[in-house]
Amino acid sequence: MSGEVLADSLAEARRLIAEYERSVVPLEIATARAWWQANISGKDADFAAKEAAENRLNEALADHDRFARLKRLRQAELADPLVRRQIELLYLVHLEKQVDAELLRRMTSKSNAIEKQFNVYRAKVGDRAYTDSEVRKILRTSKDTTLRRRVWEASKGVGSAVIDDLKSLVFLRNQAARQLGFRNYHQMQLSLHEQDPADVLTLFDELDRLTREPFLKRKRQIDERLAERFGVPVDALRPWHYDDPFFQEPPAIYGTDLDAPFAKADIVAICRRFYRGIGLPIDDVLARSDLYEKPGKSPHAFCTDIDRAGDVRVLANIVPNEYWMGTMLHELGHAVYSSKYIPSTLPYVLRTESHILTTEGVAMMFERFSKSGEWLSEMGVPVSDVKAYSRAARAMRRDQLLIFSRWCQVMLRFEAAMYERPDQDLNRLWWDLVERYQGIHRPEGRNAPDFAAKIHIVSAPCYYHNYMMGELFACQLHAAIAREVFHNDRPSTLIYTRSPEVGRFMIQHVFAPGKRLPWNELTRFATGAPLNAKAFAAEFGQ
Ligand SMILES: [Zn+2]
């Protein structure tokens, strides 16, 4: 291309970005505000307003003309790297919305229909119907193996109820992916988020290698405890003997009451002091946040950056226990990695986290401290037996992460294979993976679509690997901070409370690039190596 054409392309790219900021960004901000309002109030009118705002935004992103310009500009050799990066990101955001409107409508209606069936489904045993939380309670508390088995089987019944709809949805999703030039929906979901499916699989193979032995060793100990609890031999344990219906989490076997130190603790004040102590004060975020339970409000916890201009808020439902201590440290970790500390000199499109996995990682890294008795003591929270607390809490965290990592292996590999070949024997594939990665014995003779009982396959497809990669990022970043800031080569024991140099490190090495760097380049920039499983395995595996 001639110099003139290149200069023209650059000018055109700048014009397009300015147009986007003028016409689409206000819709994004309106959507974020409406989302906040609906989740705070729970009112139908607010949810209707949220949906209307989302529709207006989606319509704007579906703009074929702008997409055609983006497609052309993406091929041009734009000389300004910041402009080039913005065009690439805008291209991906618009690409996702280019699916034929009728097909999109059918996908949305199919997944809504399945989600509704999940909401109304009750596990029936005899003439008793169990809600999801009642199922979980039985699996947590009952010693009656026959009841556990029947409740577990009934809870999987939702899979058979939705399987035909799910198969149609998988077909439609693959059709949409092919419309946009991808081989299948799994490939598309990862590519839209700048992940190469083969690279992700290689990373998960490494994680499998490094965690298999420690996981199996720990699982043998857990199995011995459970066999004792139920009075059966270890090899008679089946999925219904575990507390969680999918064995995503460890059974409750830790003994120590982690909630005791928090009975009189002021969780918000602790967070305020901690983040100030590391040089990342968040007082203004707390002032704008909505932190306690009230009628109609969403029961979960979120952090949201409303306008990428410093209006960052947390929604929470704090009660004084360990879960909410960890959750608040987590959400405020998202809050510091936002327009609060990402430089305002970056253009809007780049003034956000590099990737969902990097912001999850930062949040997970700070969350770890609620499970350290030493950290709590330094923060002025009285713990009666610091060593016993840390021992129990660390064992719990190690088990949680090891067990969760094996579960993520199943989800990643299952969804990849399902979208690749939807007509294979999926019932069998699911249990093959569960046996191989989670070490759970399949129930003899069972042939049912148990994977379809996991709602995330419908509502958050091809997403679980991001949580796991977030954990890997958290461990790798924590190890880098230990090494670079504290000259400490045993990150698993490192705690800090009054160390503004941590904040300086985060600002320089993690927050400053915003979305200028793709996730793996940011990982290298912040930690000196591409994302890998070594730091995670050093803490929880080998
Ligand atoms: Zn999070």
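The model is predicted: local features need pLDDT of at least 70, side-chain atom pairs count only at pLDDT 80 or more, and totals for chains, interfaces and linings use all residues. Residues are numbered from 1 along each chain as its sequence is written, and side-chain values use heavy atoms, with hydrogens and water left out.

His 330 and His 334 are separated by about one helical turn, because they are 4 residues apart in helix 13 (residues 322-336). Helices (H or I, at least four residues) are DSSP runs, as are strands (E, at least two), numbered from the N terminus. Both His 330 and His 334 are buried, where buried means under 20% relative accessible area, exposed over 50% and partly exposed in between (1.4 Å probe, protein chains only).

## Helix 4

Helix 4 (residues 64-75) has 12 residues, which should span 16 Å at 1.5 Å a residue; its end C-alpha atoms are 17 Å apart, which agrees. The expected span is 1.5 Å times one less than the number of residues.

The buried residues of helix 4 are Arg 66, Phe 67, Arg 69, Leu 70 and Leu 73. Seen down the helix axis they fall within an arc of 160°, so they line one face of helix 4; the arc is that of the directions from the helix axis to the C-beta atoms. His 64, Asp 65 and Gln 75 are exposed on the other side of helix 4.

## Aromatic pairs

The whole structure holds 27 aromatic pairs. Rings of Phe, Tyr and Trp (its six-membered ring) pair if their centres lie within 6.5 Å; planes under 30 degrees apart count as stacked, over 60 as edge-to-face and the rest as tilted. Tyr 242 and Phe 247 form a tilted pair, 4.8 Å centre to centre with 50° between the planes, and both are buried. Trp 430 and Phe 451 also form a tilted pair, at 6.5 Å and 50°. Trp 430 lies in helix 17 (residues 426-438) and Phe 451 in the loop between helix 17 and helix 18 (456-459), so this pair ties together parts that are 21 residues apart in sequence. Trp 430 is buried at 3% relative accessibility, and Phe 451 at 1%.

Ring pairs join Trp 430 and Phe 451 into a cluster that also includes Phe 246 and Trp 407. The charged end of Lys 156 sits over the ring of Phe 246, 3.4 Å from its centre, and that of Lys 454 sits over the ring of Phe 246 at 5.0 Å. A charge sits over a ring if NZ of Lys or CZ of Arg is within 6 Å of the ring centre and within 35 degrees of the ring normal.

## Positive phi angles

Phe 247, although not a glycine, has a positive phi of about 50°. Phe 247 is in the loop between helix 10 (197-230) and helix 11 (267-277). Cys 462, also not a glycine, has a positive phi of about 50° and is placed in the loop between helix 18 and helix 19 (464-486). Cys 462 counts as buried, at 6% relative accessibility.
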